[in-house]
Amino acid sequence: MFVAVSCDCSSDDHRKAVHGILEQYGFKKVHESLFESTSLSETMLNRLKRDMDRLTDSYDSLRLYQYPLEGTLVVSALKEKKWRRYTLRTT
């Protein structure tokens, strides 16, 4: 599954911690605060979300773009310490 992560961290400490954990999970940095991976499983993605949740606070904002997941594009957003999931179906 293809996963891209966009990070908008409130502090340098949070940014360094999130970027470090993404690199540990095998993500490649493609642009400032934008990472991509093509080899992440659903289990690892859930673990990554938990790890990133621990490293951030309510001022940080993260977005994960997953494709394909059950034939759809799924966007998961962490904002104000709450995960939201948006599903876009292809026709």
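Strands are DSSP runs of E with at least two residues, numbered from the N terminus. In this predicted model, strand β4 contains P68 and covers residues 61–69. The peptide bond between Y67 and P68 is cis, with omega about -15 degrees. Most residues other than glycine have a negative phi, and most peptide bonds are trans.

## Confidence

The mean pLDDT of the chain is 92, and 97% of the residues score at least 70. Among the elements of the chain, β4 has the lowest mean pLDDT, at 90, whereas strand β3 (residues 34–37) has the highest, at 97.

## Helix α2

Helix α2 runs over residues 42–55 and comprises 14 residues. At 1.5 Å a residue, the helix should span 20 Å, and the 20 Å separation of its end C-alpha atoms agrees with this.

As for pairs between aromatic rings, the structure holds 0.

## Loop residues with positive phi

S33 belongs to the loop between β2 (28–31) and β3, and its phi is near 65 degrees, a positive value in a residue other than glycine. S33 counts as buried because its relative accessibility is 16%, under the 20% cut-off.

E80 is placed in the loop between β5 (72–79) and β6 (82–89). Phi of E80 is also positive, near 55 degrees. With a relative accessibility of 55%, E80 counts as exposed, the cut-off being over 50%.

Technical notes:
Residues are numbered from 1 along each chain as its sequence is written. This is a predicted model: local features need pLDDT of at least 70, side-chain atom pairs count only at pLDDT 80 or more; totals for chains, interfaces and linings use all residues. Side-chain values use heavy atoms; hydrogens and water are left out. Rings of Phe, Tyr and Trp (its six-membered ring) pair if their centres lie within 6.5 Å; planes under 30 degrees apart count as stacked, over 60 as edge-to-face and the rest as tilted. Helices (H or I, at least four residues) and strands (E, at least two) are DSSP runs, numbered from the N terminus. The expected span of a helix is 1.5 Å times one less than its number of residues. pLDDT is the predictor's confidence in each residue, from 0 to 100. Buried means under 20% relative accessible area, exposed over 50%, partly exposed in between (1.4 Å probe, protein chains only).
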